[in-house]
Amino acid sequence: MNRRHFLKTTAAVGAGWLLLPSGARAGKNAPGNKLNIALIGVWGRGLAHYDSLSEENVVALCDVNEKRFPDALKRFPKAKTYVDWRKCLDQKDIDAVVVCTADHTHAFIANWSLNRDLHCYCEKPLAISVEEARVVRANWMKKKTKLATQVGMQRHAGPNFNRTRELIRDGAIGELQAAYAWGNRQVKPAGCDYDQEKGILYFKDKEVRSVAGYLPDGGQPPEGLNYDLWIGPSPAHPYNPGYFGLGAGANCLSWNMFWDFGAGQIGDMGSHTMDLLWNCVDATLPTSAEAKGDPFNPDITPIKCESHFEHPANDWRGPINVGWYQGGAMPKSPKPYIDLNKIDHGAMFKGSKGFLVADFTSRILLPFGDTADLTYYKTRTKDTVLPPLGHFQKQWIEACKNTSLKTACDFEYSGNMIEQLLLGLVAYRVGKKLQYDGATGKVTNCPEANQYLSRKYRDGWKLNG
Ligand SMILES: NC(=O)c1ccc[n+]([C@@H]2O[C@H](COP(=O)([O-])OP(=O)(O)OC[C@H]3O[C@@H](n4cnc5c(N)ncnc54)[C@H](O)[C@@H]3O)[C@@H](O)[C@H]2O)c1
């Protein structure tokens, strides 16, 4: 019996005592039933995982910045350290991997982990290209009975996710017709200004105002930072401290707007906010995508942009339109007295009998006029409301130990969601309405769009390794 199979079996035995060969006792918190976890990306977002990970065995720590190790080792003193995640994943006693690195490495580390039969929690976004989302999702779908996955959309554990889902599913707005999500952040790279009128980013320090792009050569990386490993699979760009200038957990806002490092607000707050919508609509892949936004910049993803998708009917609703708005683009409010601009990140659902507007923690139900008398809708009782999800990271840990348990944001749910949003960026790049075949992952009406479904990697880096 291998270690992972043993963990699963002992978790299934539950609270019952089982005599182990070593004489140790099994059970959820017994030493023999802890996961051996590798944490990849130990600072920034990684810090937010320390508390739940400390209840398990953290046996490996990996970070491209060696200066991050002393503090991480104070918390996890028994762990081995690595600067290259490919070597880290070769450590033989690992059961599960938590990925908190820069976005352009997520799909790689997730996919390599699955290839080694390791459970995986990956920070959002799961991928930054349509192809990456498809590869990781398909890999997990083959292994879903034995591996637990979760994407770091922890807001999903908030009760409002259940409450909005109940209202939609129980018909509080009648037949669902459309759903829109938005985020108003306008995140600029270091040293750049955003011209709101023109929708163009400029380097502000240059004598002649020039359109912004990858940051200029900023000299040698500081000691301890393995910058070439940070670049990893992406095309090389010179080091600049502007990619590393923000605080713990916010530094992603220094690099995630560059095409080679992220997907802008789509991968960032878009993951969280589209999740609020996605949780209510039971959608898979769209059949079409179209988008518009700031003038195209070959280096930097748009700040202002909106994308629209058509989704086929499912077993409880008809076809729906889904929209994503960012950076100042907004859906139209259903009533002048509801100012959607006051909701930084929100979702709105349109049904045959009314609207539902929500942010992460609250919601407004707006029946249409006098005729929508709500007689068609029955509130749930205390016994029938959706149960609380509990602790989001721990939900995944429990599922690693007992893979019959489902996680809320597994690689199927999250993979479909991010594939849709990333397809929107492809539609934005080509400026056409795309017809999409979700079965093959191909655009069927616009051959030039297909080149943007995947991205080019540096020599020596393989998504499937
Ligand atoms: N779920 C959330 O609410 C939430 C919040 C913040 C950030 N995030 C996500 O977490 C990730 C990290 O964001 P951050 O702000 O902490 O970024 P960051 O730039 O601070 O990176 C975090 C850590 O990962 C290390 N790292 C980066 N690339 C690596 C690699 N290839 N191998 C090993 N270590 C690597 C960095 O050195 C750093 O210590 C992003 O994908 C971001 O989207 C999620």
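**Overall form.** I noted first that this is a predicted model. I counted 12 helices and 18 strands in the protein. I then checked the radius of gyration: a compact globule of 465 residues would have one near 23 Å, and the protein has 23 Å, so the two agree. Along the principal axes, the C-alpha atoms fill a box of roughly 70 × 65 × 40 Å. I found 46% of the 465 residues counted as buried. Taking contacts between residues at least 6 apart in sequence, I read that 64% join residues at least 24 apart.

**Domains.** I looked up the division next: domain 1 covers 3-155, and domain 2 covers 156-186 + 265-453. Their C-alpha centres lie 28 Å apart. Domain 1 brings 38 residues to the contact and domain 2 brings 34 residues. On the domain 1 side, the elements giving two or more residues are α1 (3-13), β5, α6 and β6 (149-151). Of these I marked α6, which gives the most, with 8 residues. I also sorted that side of domain 1 by class and got 19 nonpolar, 9 polar and 10 charged residues.

**Ligand shell.** How many residues surround the ligand, and which are the closest? I found 30, with Gly41, Trp43, Gly44, Arg45 and Asn251 as the closest. By class, the shell holds 12 nonpolar, 11 polar and 7 charged residues.

**Helix α5.** I looked at residues 106-115 and found 9 of the 10 buried, so helix α5 is largely enclosed by the rest of the structure. The cut-off behind that reading is 20 or more other C-beta atoms within 10 Å of a residue's own. The buried residues are His106, Ala107, Phe108, Ile109, Ala110, Asn111, Trp112, Ser113 and Leu114. I traced what they pack against: β1 (36-40), α4 (85-88), β4 (96-99), β5 (119-122) and α6 (130-143). I noted again that β5 and α6 are among the elements on the side of domain 1 that touches domain 2. After α5 comes aspartate 117, with a positive phi near 55°.

In strand β8 (residues 192-195), which residues are on the covered face and which on the uncovered one? Cys192 and Tyr194 make up the covered face, Asp193 and Asp195 the uncovered one. Side chains in a regular strand alternate between the two faces of the sheet. I found β8 paired with strand β9 (residues 200-203) in the antiparallel sense, over 4 bridges. Aspartate 195 stands opposite isoleucine 200 of β9. The hairpin has 4 residues between the strands, and in it glycine 199 takes a positive phi near 70°.

**Strand β13.** I ended with residues 320-326, where 6 of the 7 are buried, so strand β13 is largely enclosed by the rest of the structure. In which sense does β13 pair with strand β7 (residues 176-183), parallel or antiparallel? The pairing is parallel, over 6 bridges. Strand β12 (residues 305-311) pairs with β13 in the antiparallel sense, over 7 bridges. I recorded cysteine 305 as standing opposite glutamine 326 in β13.

Definitions and conventions
Residues are numbered from 1 along each chain as its sequence is written. This is a predicted model: local features need pLDDT of at least 70, side-chain atom pairs count only at pLDDT 80 or more; totals for chains, interfaces and linings use all residues. A residue is buried if 20 or more other C-beta atoms lie within 10 Å of its own, exposed if 12 or fewer, and partly exposed in between; C-beta atoms are placed from the backbone. Two residues are in contact if their C-beta atoms, placed from the backbone, lie within 7 Å. Two strands pair if DSSP finds at least two bridges between them. A residue is near a molecule or strand if its C-beta atom, placed from the backbone, lies within 6 Å of it. Ala, Val, Leu, Ile, Met, Phe, Trp, Tyr, Cys and Pro count as nonpolar, Asp, Glu, Lys and Arg as charged, and the others, Gly among them, as polar. The radius of gyration is taken over C-alpha atoms; the globule rule is 2.2 Å times the number of residues to the power 0.38. Domain bounds come from an automatic or database domain assignment.
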